[in-house]
Amino acid sequence: MALPQYFYRYLSRNKSLLRRGLKLAASAMALAVLAAIAAGCGFFGDKVESAPAPVSGSSIVASPDGKLLYVANGDTNTVSVVDAAERKVVKEIAVGKEPRELAVSKDGKTLYVTCRYAGSVEWVDVDEGRVIGTAKPGIEPFGIVASPDGGRLYVSNYRSGTVSVIDAATRKVLQQVKAGDNPRALALTADGGTLYVSDYLGARTIRFRTDTMEQLGISQLAASPDVKDQKKSQGIANTVEQLRLTPDGKSLWEAHLLTNTDTPIQFEEVIFPALSVVDVGSGAEDTKVRKELFKAMDVKDKFGKTTIVSNPTDIVFSPDGKKAYALMGGSEDLLVFDLNRGGRASQMIHHLPGDYPIGMVMSTDGRELYIHNSNSHDLTYVSLPASDEDGGRAQVDGKPLRLIASDRLNAQQRLGKTLFYSANSDDNPFAGNNWMSCASCHSDGEVDMLTLTTGKGPRNVPSNVLAFETGLFMWDGSRDDFTDYIHTVQGEMGGLSDVDPAEPMPADKQKLFDALEAYMRMPDAFPVPQSPYRTADGKLTAAAERGKALFEGKAQCITCHATDALTDSVKAVGKGGKLTTANTDYLHDVGTVSKTDTDYAGDARGNFTNKRVRGLYDTPTLRGIYATAPYLHDGSAATLEDVIKRAGDEHGHTSELSDMEVQDLVAYLKQIE
Ligand code: HEC
Ligand code: HEC
């Protein structure tokens, strides 16, 4: 019975192989002719090189011959070398702290790795399996691409706000140019002439001509206009995770979020995924082709309902440019777009195996996609149809391949990190219907630079840096225990709906909160950002030293911004020495109340004893403050100058400061780490 079927499959497979063979032969011929013309030599000249293609930085790249894959394991400070066909990890090589992206030399012998928290780019000798050199281009190097001739490396320094050009041979930093506030993803045209940089939080695309590193332009991804139905995609573009040029080099695709800041934060109405397309010729976005949920990004489930996807992290194109594969890091899905057929999503692999997929690379023959799952440290293989005509579909191919020998996080911290980044509702009971994760607002555990609308009034998304060292939680200090976030989980993320917040947390759910807390308490989960305003050797500048004296002296800042954490909120404890919302001695009115702030009646978890009066706030820490604009609970101060200029004597003692002293104070604030 099975035989005829088998036979049929065998035949059709061979047919398609034959077709592929013919196509390959035809294109090889064309290439050979082109090469011959270009070189002006005989037809049967030297070996034919494959046409250069655009490149992007990624946590996973392939060797020039496509046989090996290299993966940056951010958590274990290693790079894995994988034999793609054998599905085997050949080597795991130790590198600096938090490797994020890699590039490969033309001969495939050297890897260049950005190590974000080590502040380095590292040269790895693949054969020897060790680091052979280092450059220190800036604070938190993130993206990296190599020029087509292999001679230069371009690196984005996330905190320094710069792009560095580095000589691949000598490891010398040749040039540094300013590139927005948080440069992150990089894409380089096939000819190596133009470099695109994503300014991550602000969703700007900056273009450089690489010969001079002169800036060619900056374009802002548009906001998607408000629509009546608040469950439909709308909002401000932010957090651009990846940039990819199409194979023809004509468009640049960007994977990012849209955040709706003007409707009260509610599940299903604040965060939306999007893929935007910038026209390379004009440098401007083609807003008509933006792919959003409910529009082009729409795959229905078996009940005819749209399947929700979230947090796009990468995009890869088929070599012929007919298909785009988009990776959804939050909901852990792969979406396939048919670019010849109106560009809508034609297929989705829902809930891929592996946790928090962030990068992909395609095999040279276009038949396999390798997906890097950064939280489960494994590689998912997806097989792709030979061609459009086969009507084939992408399919998960086998079990994921484990990339590391051992995790640096313990099991509880690992669970916590996985929960933090996951919007996959099958795995994460915090995330309702695959909409969002903690990281959808706290990007990388930090800020998203946006102020959301809440029942209490506008609320600036705070950073999670030092969240457990800074006393009470929330701008109004209305939470004292991490399980109080059940209110965030239920109201904003649509999860844990069966939990009664007024009751003790059920043990199985308590475990999840404990895991999240264990992860967020790790000192290197989200380290305090180093300040780019300090001197080259990391010291306070002279102006900042003068500012520090003012801060601790006549400006009287230190009365509230006290202790190591620079907040007195750590003193808001009860009799047993434990933090309590009942201790309101350390809430302050510093004259910053906004018209739309309201009193807070408290919540079920706090037994309604955590009532708050509008205008009284918990002192925020100032460590790493340079990186968290805008400021104040309602985001009403765009800069640190604005905070001080508004302060008068209600907020510290600033009325008697000269302009020069204000500048010194600001210099200090920008350098607090
Ligand atoms: C929809 C966006 C959004 C999501 C999703 C979100 N948060 Fe928040 N978070 C905020 C905003 C806004 C505030 C400030 C609210 C306030 O003070 O009233 C906040 C405050 C916090 C704070 C307090 C920081 C401090 O020092 O006071 C912590 C900690 C925190 N969130 C952690 C989390 C965790 C953990 C998750 C996931 C379980 C999460 N958040 C999900 C937007 C979000
Ligand atoms: C009486 C206590 C108190 C004193 C004194 C004080 N602060 Fe504050 N500070 C606060 C509170 C409370 C907030 C939060 C206000 C809000 O969000 O609306 C705050 C907010 C800030 C912020 C914004 C932080 C952020 O994350 O948005 C900065 C910057 C700041 N203070 C700097 C200073 C400086 C500089 C001084 C001295 C001139 C000072 N503060 C004196 C209590 C104080």
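Helices (H or I, at least four residues) and strands (E, at least two) are DSSP runs, numbered from the N terminus. The model is predicted: local features need pLDDT of at least 70, side-chain atom pairs count only at pLDDT 80 or more, and totals for chains, interfaces and linings use all residues. Residues are numbered from 1 along each chain as its sequence is written, while chains are lettered from A and ligands numbered from 1 in the order in which they are written.

The loop between β19 (251-259) and β20 (271-279) holds E268. E268 is not a glycine, yet its phi is positive, about 75 degrees. Most residues other than glycine have a negative phi, and most peptide bonds are trans. E268 is partly exposed, with 16 other C-beta atoms within 10 Å. Burial follows a count of other C-beta atoms, placed from the backbone, within 10 Å of a residue's own: 20 or more is buried, 12 or fewer is exposed, and in between is partly exposed.

The loop between β34 (617-618) and α6 (640-647) contains P630. A cis peptide bond, with omega about -5 degrees, links A629 to P630. L632 is also found between β34 and α6. Its phi is positive, near 75 degrees, and L632 is not a glycine. L632 counts as buried, with 20 C-beta neighbours inside 10 Å.

Ligand 2 has 28 residues around it, with C557, C560, T592, Y631 and G652 coming nearest. A residue is near a molecule if its C-beta atom, placed from the backbone, lies within 6 Å of it. Two or more shell residues come from each of α6 and α7 (659-669). α6 gives the most, with four residues. The shell around ligand 2 has 17 nonpolar, 11 polar and no charged residues. Here Ala, Val, Leu, Ile, Met, Phe, Trp, Tyr, Cys and Pro count as nonpolar, Asp, Glu, Lys and Arg as charged, and the others, Gly among them, as polar.

In α6, L640, V643, I644 and A647 are buried. They lie on the same side of α6, because they cover an arc of only 90 degrees around the axis. The arc is that of the directions from the helix axis to the C-beta atoms. An α-helix has 3.6 residues a turn, so residues three or four places apart point the same way. The cover over the buried residues of α6 includes α7. G648 follows α6 and has a positive phi, near 55 degrees.

α7 also meets α5 (residues 542-552), the two axes coming within 7 Å and crossing at roughly 100 degrees. Axes are lines fitted to C-alpha atoms, for helices over the stretch in contact, and angles run from 0 to 180 degrees between N-to-C directions. α5 and α7 are therefore roughly perpendicular, a class that spans 65 to 115 degrees. This contact has eight nonpolar, two polar and four charged residues. Contact requires C-beta atoms, placed from the backbone, within 7 Å.

Helices α2 (residues 411-421) and α4 (residues 507-520) pack at about 95 degrees, with axes 7 Å apart. Their contact divides into nine nonpolar, three polar and three charged residues.

D407 lies in the loop between β30 (401-402) and α2. Beyond neighbours within four places in sequence, D407 contacts D75, T76, H377 and R414.

Ligand 1 has 26 residues around it, with C438, C441, A467, M474 and W475 nearest. β31 (451-454) and α3 (486-491) each supply at least two shell residues. The shell around ligand 1 has 17 nonpolar, six polar and three charged residues.

Key
Two residues are in contact if their C-beta atoms, placed from the backbone, lie within 7 Å. Angles under 35 degrees count as roughly parallel, over 145 as roughly antiparallel, 65 to 115 as roughly perpendicular and the rest as oblique.
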